[in-house]
Amino acid sequence: MAIKYNVCLDCGSNKSAKIIYGMPTHEVKPKVERGDIILGGCSLPETHKDYQCKSCGFEWSKEEAVDDAYRKITSIKANIGGFFGNSYEIEWRISTGEVTHLYWEISREEDPVTFNTTYHNAHYLDSIKSINLLRWKRDYQPEEMVLDGTSWSVEIEKGDKVISKHGCNAYPKTWEQFCELMEEVSGKTFN
Ligand SMILES: [Zn+2]
């Protein structure tokens, strides 16, 4: 899972208690006694927290955990290509704004070009979030076998991990949106 909601956003401990709201059910009681569940009260406050760290006491919401996960993405590398056609690769190092673009055909390969993106979007986090990038499945395949088609892959660097997604002739729902973002960032064709 690319987003671990229950890991403390402050100290990184994975020992946390879930805060629940509303009338507690009978089954909840032993968990409350063990300290795995905290009762947050009968009504849901306007701004509420969903977890409390058992080590440091920090509290956070599910939404904050999602934001934090996306904020930790330092680079996105994507490529797409047909077996006999053109292939494109774009690497976007979000922290420095550097973009490397690579294009090749079956008989010709261009040298990679690195430049600084002119993409200035204060809301880039919202863009990536609305693409749901971290929730994509690992692998997309069509129902029926296709021999020569278009394949793609995306590598997401997040903290010290690299998360890989790929597919062949099948795409996540937000694929078009993702291609548009990569084109906006690089100023180059990507689809
Ligand atoms: Zn903590």
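## A walk through a predicted fold

Of the 191 residues of the protein chain, 18% count as buried. Here a residue is called buried if 20 or more other C-beta atoms lie within 10 Å of its own, exposed if 12 or fewer, and partly exposed in between, with C-beta atoms placed from the backbone. Please keep in mind that this is a predicted model: local features need pLDDT of at least 70, side-chain atom pairs count only at pLDDT 80 or more, and totals for chains, interfaces and linings use all residues. Residues are numbered from 1 along each chain as its sequence is written.

Let us start with the whole chain. Its C-alpha atoms fill a box of roughly 70 × 40 × 25 Å, taken along the principal axes. The radius of gyration of the protein chain is 21 Å, while a compact globule of 191 residues would have one near 16 Å. That radius is taken over C-alpha atoms, and the globule rule is 2.2 Å times the number of residues to the power 0.38. Among contacts between residues at least 6 apart in sequence, 52% join residues at least 24 apart. A contact means that the C-beta atoms of two residues, placed from the backbone, lie within 7 Å.

Now for the secondary structure: the protein chain has 4 helices and 11 strands. Both are DSSP runs numbered from the N terminus, with at least four residues (H or I) for a helix and at least two (E) for a strand.

Two strands are said to pair if DSSP finds at least two bridges between them.

We can follow some of these pairings. S7 and S8 pair in the antiparallel sense over 4 bridges, and His101 stands opposite Val113 in S8. Strand S5 (residues 73-82) pairs with strand S10 (residues 150-158), also in the antiparallel sense, over 9 bridges. In that pairing, Gly82 has Thr150 in S10 as its bridge partner. On to strand S11 (residues 161-168): S10 and S11 pair in the antiparallel sense over 8 bridges, and Glu157 has Val162 in S11 as its bridge partner. S10 and S11 form a hairpin with 2 residues between them, and Gly159 in the turn has a positive phi of about 60°.

Is Val99 buried or exposed? Val99 counts as buried because 22 other C-beta atoms lie within 10 Å. Leaving out residues up to four places away in sequence, Val99 touches Ile90, Glu91, Trp92, Thr114, Phe115, Thr117, Val185 and Ser186. The C-alpha atoms of Val99 and Ser61, which are 38 residues apart along the chain, are separated by 33 Å.

Finally, look at two asparagines in loops. Asn132 sits in the loop between helix H3 (124-131) and S9. Although Asn132 is not a glycine, it has a positive phi of about 70°. Asn132 is partly exposed because it has 13 other C-beta atoms within 10 Å. Asn169 belongs to the loop between S11 and helix H4 (175-186). Its phi is near 55°, a positive value in a residue other than glycine. With 18 C-beta neighbours inside 10 Å, Asn169 counts as partly exposed.
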